[in-house]
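Subject: Structure for you to look at, with notes

Hello,

Here is the structure I said I would pass on to you. Please open it beside this message, so that you can find each place in the model as you read.

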Amino acid sequence: MFFLTEQDPNYRIKGSRDPLGFQTIWQSLGRTVIKYLSTVSVNLKDFQVLSYAWYFYGDRDPKEFLKFFIRFEQVFGFARGIYLKDDGFNGIDFVRKNMNKDAFQFSNKNEHTLLSNQKSYGIYGKYNRPYTEMRIKEHDNFREVMENSLRSKVNYNTLEQYVNRILNESIISFTKDELRIFADCLVNISKDERQFYEEVILQSDDNHIQNEIFDILKSNPEIMEIDEFNLFGFIDLLFDKTNKQDLKDKLTSIRNAEQVLTPYSYLFRTLQSEPVWSIDKIEEAPIFQSFPDTINYEFHNPVLNNFSENFMRDPYDMALALIQRNKEVSDKRKNASWIKQDGESVIICYADGARKITGFDLNKDFENNYFLPTYISLYRQILLNND
């Protein structure tokens, strides 16, 4: 199984995060190979919960869906926490602290929410955008697939009665035994669901290059036996397995972009690791020994081109380029800069994410994943999960 880490919270685009504004760059490149998925839309069970919710909600007013879904997610959250021991989802900590009861209440009240902001940090916040962009519930066979799948797993009439309570009651109570039926909806993926999610999540209906990646993985199952994901290693595997120049061009662009972004991301963290830097200290920093002399590639993005050209400059000039980039990004967000130049010194104003890095391997180390681990993980869950 490929190793998939949580997204580094210090480098999300949120408030003053992502101090160099690099995420928009790698995300735009990632979209050229993985069309809709995000770094956090990685759990098929969460897609299933959202699909079941829309199936039961039907043609009701979509403006009221979120209120219903908050309750629906709570019910499934406690069912998952109690009965699916290896399952992980946002809100599991709240469930674990409160599941030693015989009965549970669910509502839109703050006391029952799984997270401080269940809308933003729960399934809806993480999955609604890719779910909507993939038009999952608009597919012709959506309702048929969901109903057939649920009927094959549980007592459908009982489940329908329980969901009607979630739809119509502002505060719902279920016993631990009653919650089992919700967990049983997620224990496995039905044959119909497997085929449906293969078509709507793993493939694209507009000849997007993602389909070529799908075909490569389907034709070369040994790729799934690799234990740990490495961006450059995976790119090499795809490169060797495809004859499509379009995919090769996009992968080449990603490789070169990451070999620009990673050194500067590491340098920024290294600068943050000490409160003050002199020019001489920056010039002597060992991290620069791992920097490339140049990246011989013409990017479509001016930021990448500028930073690539800066590899040919002195270390202090590269540091100044980072300082200027951080200032531009911070100014746009109306935030203070994280690093400032003060005469012949560099002053660190904000050290969140600091880590002194003395060296790295330009051909192995990477900071950004271009949505590829998400795709790999969902591929495994949809096609290789034999439960």
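Below is what was found in it, going from the whole chain to single residues.

Please keep in mind throughout that this is a predicted model.

The whole chain

The protein chain has 387 residues, of which 52% count as buried, and its secondary structure comes to 17 helices and 5 strands. Taken along the principal axes, its C-alpha atoms fill a box of roughly 75 × 50 × 35 Å. The chain exposes about 18,700 Å², and carbon and sulfur atoms supply 43% of that area. If you look at contacts between residues at least 6 apart in sequence, you will find that 75% of them join residues at least 24 apart.

The nonpolar core

The largest nonpolar core holds 123 residues, and the members that touch the most other members are Phe47, Phe72, Leu179, Phe182 and Ile201. Helix α13, which covers residues 245–272, gives this core its largest share, namely 11 residues.

Two isoleucines to compare

Ile254 is found in helix α13, whereas Ile295 lies in the loop between α14 (279–283) and α15 (302–310). Are these residues buried or exposed? Ile254 has a relative accessible area of 0%, and so it counts as buried; Ile295, with a relative accessible area of 9%, counts as buried because the cut-off is under 20%.

Ile254 is in contact with Leu29, Val33, Leu231, Ile235 and Tyr370. One of these, Ile235, is 19 residues away along the chain, and the C-alpha atoms of the pair are separated by 8.8 Å. Ile295, for its part, is in contact with Asn256, Gln259, Val260, Ser308 and Phe311. Here Val260 is 35 residues away along the chain, with 7.7 Å between the two C-alpha atoms.

The cavity

How many cavities of 30 Å³ or more does a search of the whole structure find? The search finds 1, and about 30 Å³ of space lies in the largest cavity. Rolling a probe the size of a water molecule over the atoms shows where empty space is left. The residues that line the largest cavity are Lys35, Tyr36, Leu37, Met134, Val200, Ile201, Gln203, Ser204 and Gln210, and by class they come to 5 nonpolar, 3 polar and 1 charged.

Two backbone angles to check

Most residues other than glycine have a negative phi. Asp18, although it is not a glycine, has a positive phi of about 55 degrees; this residue is found in the segment before α1 (23–30), and at 2% relative accessibility it counts as buried. Arg135 is not a glycine either and has a positive phi of about 55 degrees, and its place is in the loop between α6 (123–133) and α7 (142–153).

With best wishes

Conventions:
Residues are numbered from 1 along each chain as its sequence is written. This is a predicted model: local features need pLDDT of at least 70, side-chain atom pairs count only at pLDDT 80 or more; totals for chains, interfaces and linings use all residues. Side-chain values use heavy atoms; hydrogens and water are left out. On a 1 Å grid over the protein atoms alone, a cavity is a set of points where a 1.4 Å probe fits but cannot get out, and a pocket is an open set with protein on both sides within 12 Å along at least five of seven lines; lining residues have an atom within 4 Å of a point. Grid points are joined across faces, edges and corners, and a volume is the space filled by probe spheres set on the points. Ala, Val, Leu, Ile, Met, Phe, Trp, Tyr, Cys and Pro count as nonpolar, Asp, Glu, Lys and Arg as charged, and the others, Gly among them, as polar. Helices (H or I, at least four residues) and strands (E, at least two) are DSSP runs, numbered from the N terminus. Buried means under 20% relative accessible area, exposed over 50%, partly exposed in between (1.4 Å probe, protein chains only). Contact means heavy atoms within 4.5 Å. Accessible areas come from the Shrake-Rupley method with a 1.4 Å probe; for residues, only the protein chains shown count as cover. A nonpolar core is a set of buried Ala, Val, Leu, Ile, Met, Phe, Trp, Tyr and Cys residues joined through side-chain atoms within 4.5 Å. Lists of a residue's contacts leave out its neighbours within four places in sequence.
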